[in-house]
Amino acid sequence: MSGARWRRLASAVWRSIAVWAVSTVTMLALAGILPDFRIQSADGDSATRIAVTAALGAGAFGVLSSVVWPLLVRALLLVPALVLGLLVFFLNGSLLLLALRIIPSGESEAAPETAVVVAAVMSAVASATGGALAVRDDDAYRRRLYRLSDRRRVEEPPDTGPATCGTVFLQLDGVGHDVLLAAVGQGLMPTVAGWLGAGPTPEPASRPAPRPTHRLVPWRTDWSSQTGASQLGILHGSNHDVPAFRWYEKDSREVMVCNRPSSAAELQRRAMERTGDSGLLTVDGASRGNLFSGGADQLALVLSMAARRGRENRSRAGYFAYFSDPANAVRTALSFVAEVGREIGESTRARLGKQRPRIARGGLYPFIRAFATVVERDVVVAAVIGDMLAGRASVYADLVAYDEVAHHSGPRSRDVEKVLQRLDRSLALIAQVGEHAPRAYRIVLLSDHGQSPGETFRGRYGLGLGELVRAGCGLPVPRKARRTHSGAEARAAVRAALRRPVEEGGEEHRPSRHSEPLVLASGNLGLVSFTDVPHRMSREEIDARYPALLTTLANHPGVGFVLVRSEEHGGLVLGAHGAEIPLDELDENPGPLAEFGPGAADAVRRTHSFPHTADIMVNSWYDPQEGEVLAFEEQIGSHGGLGGAQGRPFLMSPLALSAPVEDGEELVGAEHVHRVLRRWLSEANGPQVPIEVSPDQQAA
């Protein structure tokens, strides 16, 4: 055995002894504090025997945690991931009770509820001690984090990693360009500030200011400013025929929903078929926490794969990779409970303070928020760390915490400030791990869309878009209208974790053929489809059937503009006071699109060309001074249509990479972002060509 191996072995033994000693002291302290936990006989033992018993108990618990816990977690992958999180405390307590039974003294005991507390504390202390000791040993730190990735690669010797740079793409879901700048200015994201050279002024003042390592540019989304359209375009190079977050397809009589696994799989198949390319991550890539795979071989929490059954579905493997460490399981479970309490407290404060706008945040929402901001974040970050330590060429990960909280609390609320701070700490951890990776990494930060504030359409006018459409059609309007679903990405992840992937009710999934219109909402974008007509209805056909409908929609104060197909003019934009602008005349006369800024006309024209664009497309009112829109869903921070910050995400890249666009050029559309990211991968790893899509991949 070489000298280096002996040193690593000695270092590992020394750390194990140190962790064992600290665990022993922790067990002794807990035995003195907790009345239902003792490690001595009823008649009393000598101090030496008590110490020996504690040492044996701590050692037995450590061995069982290392050996039995990973096996339990792998077996429990058969149950929903959220159930696994709730079982963490019970399983750890059971292992401690077993450890107390097998030590020779046989006199130690603990009440079951006390065993849960003792096991949680000991796991957290052991993890903190081992981590603190390992930080000073680069090889040990690398090996410990490497185990989180659950990879089966043979570990390379030190200093023999790839010579080319790897690239990590981190998507901060829903964080707009202006929100990021504001967070940097407020000191909420010091890691990002350091990358932009906007950190605190050094002391003394004579020292030079920090130099930026990254550049930041905004980009403009398509009309459908939501994760499904943006991420499909970014990862697969095409978001053609994705008109909204949810829409009705007349040829199949199906409602497509971007965060439904079956729909995500179909959208990915269509994009791969259109481009003839597997995706951005085909060459030694990993996809973590995304709606789509990007052609990656390594997958964790990827929604388009969640519809698969059997061994081919590796999407849930990320849970095992993370929860196989009992300390991680305990830490995440404790953070989950704390986040639930934090949300209940914040929503109560908003209700008592009569905050406006405000939406209901009860029911299961506190648990959904905790899943997005704690469980999914921890699992995705751990997977990214494992990918970096495994030396993968490219990684794309989506962190959805901000988007989920901003939908319900508002995109600039106090609640989201705390989320941004925690996301920044995750970025710092990933950057620190890059120092221990076998290859150099360039970290690219980006978002898929922003969010625009504003109250709901129903909150302002007392009725939803569906009721307005029914009134315009002369149909009866229900007195008690139901609420629309929120399209937050975290809900899809929770449903997939619970193995309940279907979001909508059956009547929406396959509408029956009748004359009543089907109304779907995607943020502040509404879609109206007539399911009994097999083609996209024209303005003339709609007027013949429902003479007041289009006038009712176009003249409503909560509606910004309406898009329909005209037999005479092709695409036609309708606005208040009888405004009717053909699409080919929008450049000279933008009409109601003028307030939505540059690029609105091009975005509307592109969506009009899609085969599955709805019969009527409705974009809400927009206030350019306040940046507010009116969501057709129950959200006070929304995205999905045109208007405000929702269409202005960001792209932040290392200065070592080429500029995303030339000076004076604008970065427009997710497909353009894909081409930029592919160029950067070529710069980092040498020339790459699109890889032909295999029949199996098309069927994914």
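This is a predicted model: local features need pLDDT of at least 70, side-chain atom pairs count only at pLDDT 80 or more; totals for chains, interfaces and linings use all residues.

Trainee: Okay, so which residue stands opposite A521 in β13?

Mentor: That's G526. Strand β12 (residues 517–522) is joined to strand β13 (residues 525–530) by six bridges, and the two run antiparallel.

Trainee: And what about the turn, which residue there takes a positive phi?

Mentor: G523, with phi near 65°. The hairpin of β12 and β13 has two residues between the strands.

Trainee: Is β12 largely enclosed or open?

Mentor: Largely enclosed by the rest of the structure, because five of its six residues are buried. Buried here means under 20% relative accessible area.

Trainee: What does β10 do with β21, parallel or antiparallel?

Mentor: Antiparallel, over two bridges, with β21 covering residues 650–654. There, L445 is partnered by M652.

Trainee: New topic, charges. How many salt bridges does the count come to?

Mentor: 34. One of them is R606 with D222, where the closest N and O atoms are 3.3 Å apart. That pair links distant parts of the chain, 384 residues apart: R606 is in helix α22 (residues 600–608), and D222 is in the loop between β4 (214–218) and α8 (227–236).

Trainee: Why does D222 count as buried?

Mentor: Because its relative accessibility is 15%, and the cut-off for buried is under 20%. R606 is partly exposed, with a relative accessible area of 26%.

Trainee: What's the N to O distance for R392 and D284?

Mentor: 3.5 Å. They also link distant parts of the chain, 108 residues apart. R392 counts as buried at 2% relative accessibility, while D284 is partly exposed at 29%.

Trainee: Which residues are linked in a network of salt bridges?

Mentor: Quite a list; among them are E339, R342, E343, D415 and K418.

Trainee: Last one: which residues form the positive surface patch?

Mentor: R351, K354, R356 and R358. R356 lies in the loop between α12 (326–352) and α13 (365–389), and R356 is exposed, with a relative accessible area of 63%.

Terms used. Residues are numbered from 1 along each chain as its sequence is written. Side-chain values use heavy atoms; hydrogens and water are left out. Patches are made of residues with over 30% relative accessible area and no salt bridge: like charges are joined within 9 Å, nonpolar side chains (Val, Leu, Ile, Met, Phe, Trp, Tyr) within 5 Å. Accessible areas come from the Shrake-Rupley method with a 1.4 Å probe; for residues, only the protein chains shown count as cover. A salt bridge is a side-chain nitrogen of Lys or Arg within 4 Å of a carboxyl oxygen of Asp or Glu. Lys and Arg count as positive and Asp and Glu as negative; His and the chain ends are not counted. The place of a charge is taken as NZ of Lys, CZ of Arg, CG of Asp or CD of Glu. Helices (H or I, at least four residues) and strands (E, at least two) are DSSP runs, numbered from the N terminus. Buried means under 20% relative accessible area, exposed over 50%, partly exposed in between (1.4 Å probe, protein chains only). Two strands pair if DSSP finds at least two bridges between them.
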